[in-house]
Amino acid sequence: MNRRHFITRSTLLSGLMMTDVTHALSAKLDLLSVPNLLCLWDFSGKQPLRSKGKYQYELQEPTGPVPIVKEGVLSANSLDIKEHEYLTIPRADCPGLNIRGKNAQVTVLAWVKRQVKSRDNAECEAIAGMWNETRKKRQYCLFLNIRLRDSKSQVCGHISGVGGPTPGEKWCVDVSIGQTPVRYDEWTFVAMTYDGHQIKSYRNGQFDTRADRNPYAYEEGIFDGGDDGADFTVGAVHRLGTIGNDFVGQLGGLAVFDRAVIADEIAQIHRNHLLPTSSSVDTLTTGLNFPEGPAFAADGSLWAVELKGESLVQVKNGKLKRFPVGGGPNGIAIDKEGKIWFCDSTQRSIRRFDPLTEKVETILNKIDGQPLNKPNDLAFDPSGNLLFTCPGESRQEPTGYAVVRMRDGTAKKFATEKYFPNGLAFSADGKTLVLAETYKHRLWKGDWNPETGEWTDATVWATVEGPNGPGGPDGMAFGSDGNLYVAVYGTGYIHVVAPEGKVIRKINVAGQNPTNCAFDPSGKLGLVVTEAEKGQLVNVSTALKGITLFN
């Protein structure tokens with residue numbers, strides 16, 4: 001049979017099969033009705049690690065019991081896979097999953113809720129497959145974050161026809177790589193297919209096309225690892241002599257087929273298995289022109305600024321009120337008298353607004369005889385000294401600095417030679433100050449002396465994952481749990497940094513450009529975030545409360 005006849009016949013067979021499958025799926029039947037299903041794990045019933053489908057294979061737990069939590073997609077349950085945990089089925093015990101040969105086809109579907117791990121975005125994340133790099137026994141595997149060809153966080157379908165690295169390469173580079181990142185803390189339906197000619201990657205039911213990489217042409221088939229080939233593993237693969245490339249997060253379902261499930265089928269499967277809402281983010285108000293801030297007043301009202309709207313905004317009892325102030329208002333802080341202090345990058349000054357009189361006055365506009373270098377963010381220490389950052393145009397050169405205005409009105413620089421210094425945050429006792437250096441994606445931490453206005457022993461304490469383009473750590477706030485919550489502009493996340501300086505979680509917010517955040521001291525609104533892409537104030541539900549530093 002020549003290639004033209006093969007394609008024609010394959011198309012006809014696919015069309016006939018699709019007619020049956022579409023009918024079955026549209027009737028809301030479960031995945032067990034989809035043709036060529038080998039194994040389906042939905043983690044339900046008395047044997048949650050035993051697959052349904054053509055084969056009933058039991059996942060083993062070589063690193064100890066993997067918790068099953070009451071949140072899922074295909075059922076009410078999911079696996080909660082932590083770092084250095086994985087599941088497996090020895091090769092000899094799962095012959096039905098040993099898909100191999102020149103004409104072999106495969107599909108792997110998975111429902112995941114990705115979480116941060118210690119080597120955040122620096123290591124591939126294997127979801128499931130038969131893939132052993134150490135012994136050069138690669139066959140097929142569904143990955144995230146393969147980190148090839150300028151990619152990160154996307155869905156990746158790996159196929160090997162040779163078992164070892166791609167000839168002429170250090171690694172196997174035969175992989176389809178999608179375009180859209182799989183976000184943290186958000187349920188996502190991911191899939192890979194291979195029909196013997198092309199590898200394809202899917203995200204949330206859609207073929208996630210990417211030039212030169214998805215689809216990825218590959219005619220080599222799937223390697224036959226023999227009797228001593230790769231085991232079937234979930235959550236990790238064997239590489240560099242040990243198990244690694246961990247996936248960390250929840251797995252709400254996993255299915256393997258010995259054919260390439262086509263795009264319409266995958267879309268229908270997605271429609272029939274709706275993803276749970278992962279985040280508890282509510283919108284407080286919309287229609288803001290680049291919001292920044294925010295801060296809570298003693299009366300419980302929430303204040304923020306509109307950087308491009310030249311206004312301060314107040315949200316009180318669910319109502320929004322604007323106070324035009326001109327210039328370019330940026331970060332804000334509220335003193336013990338209820339007056340709103342804010343940076344003005346356009347007027348190069350620190351200004352103060354009195355809500356009672358609605359009058360604005362300029363407090364400071366020079367340092368060392370020179371105009372302030374576009375003030376950005378500010379915070380009071382427990383003694384009432386005002387600290388603020390002046391990044392100016394320090395994206396490429398370390399010309400940014402930070403200033404303290406003491407209670408007696410004198411001012412001096414306490415930090416210099418920074419690349420775009422931005423957000424400021426004090427620990428609960430006011431003795432530790434953290435400063436964000438946006439364009440280096442790092443956070444500095446040091447000891448603060450409110451009597452002398454000195455910041456000592458300041459060192460790089462943490463780094464956060466930044467965007468590919470402009471952005472990085474912006475405004476931030478300590479929670480009552482001792483963790484620092486950092487709005488990382490350009491990523492769509494609040495990064496949660498533990499006291500030891502590691503990112504332990506990412507909170508997905510509506511929109512790509514969170515600019516700042518603050519905890520409600522009353523606990524009512526949780527964590528409030530200003531988000532510039534969509535012009536919103538949103539709040540993330542949490543039992544944590546804000547830290548009040550007024551003296």
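**Exercise 1. The hairpin of strands 39 and 40**

Determine how many residues lie between strand 39 and strand 40 in the hairpin, and which residue in the turn has a positive phi.

*Solution.* Step 1. In this predicted model, strand 39 and strand 40 form a hairpin with 5 residues between them. Step 2. Within the turn, Gly501 has a positive phi of about 90 degrees. Step 3. The two strands, covering residues 493–497 and 503–508, run antiparallel and are joined by 5 bridges. Step 4. As an example of facing residues, Tyr493 stands opposite Asn508 in strand 40.

**Exercise 2. Lys321 and Glu358**

State where Lys321 and Glu358 lie, and decide whether each counts as buried, partly exposed or exposed.

*Solution.* Step 1. The side chains of Lys321 and Glu358 meet in a salt bridge, at 3.8 Å from N to O. Step 2. Lys321 is in strand 22 and Glu358 is in the loop between strand 25 and strand 26, so this contact ties together parts that are 37 residues apart in sequence. Step 3. Lys321 has a relative accessibility of 42% and counts as partly exposed. Step 4. Glu358, at 44%, also counts as partly exposed.

**Exercise 3. Glu361 and Arg352**

Classify Glu361 and Arg352 as buried, partly exposed or exposed.

*Solution.* Step 1. Glu361 and Arg352 form a salt bridge through their side chains, with an N to O distance of 2.6 Å. Step 2. The relative accessible area of Glu361 is 36%, and this residue is partly exposed. Step 3. Arg352 has a relative accessibility of 18%; Arg352 counts as buried because the limit for that class is under 20%.

**Exercise 4. The wider set**

Find how many salt bridges the structure holds, and name residues linked in a network.

*Solution.* Step 1. The structure holds 25 salt bridges. Step 2. Lys117, Glu123 and Arg239 are linked in a network of salt bridges.

Definitions and conventions: Residues are numbered from 1 along each chain as its sequence is written. This is a predicted model: local features need pLDDT of at least 70, side-chain atom pairs count only at pLDDT 80 or more; totals for chains, interfaces and linings use all residues. Side-chain values use heavy atoms; hydrogens and water are left out. Two strands pair if DSSP finds at least two bridges between them. Helices (H or I, at least four residues) and strands (E, at least two) are DSSP runs, numbered from the N terminus. A salt bridge is a side-chain nitrogen of Lys or Arg within 4 Å of a carboxyl oxygen of Asp or Glu. Buried means under 20% relative accessible area, exposed over 50%, partly exposed in between (1.4 Å probe, protein chains only).
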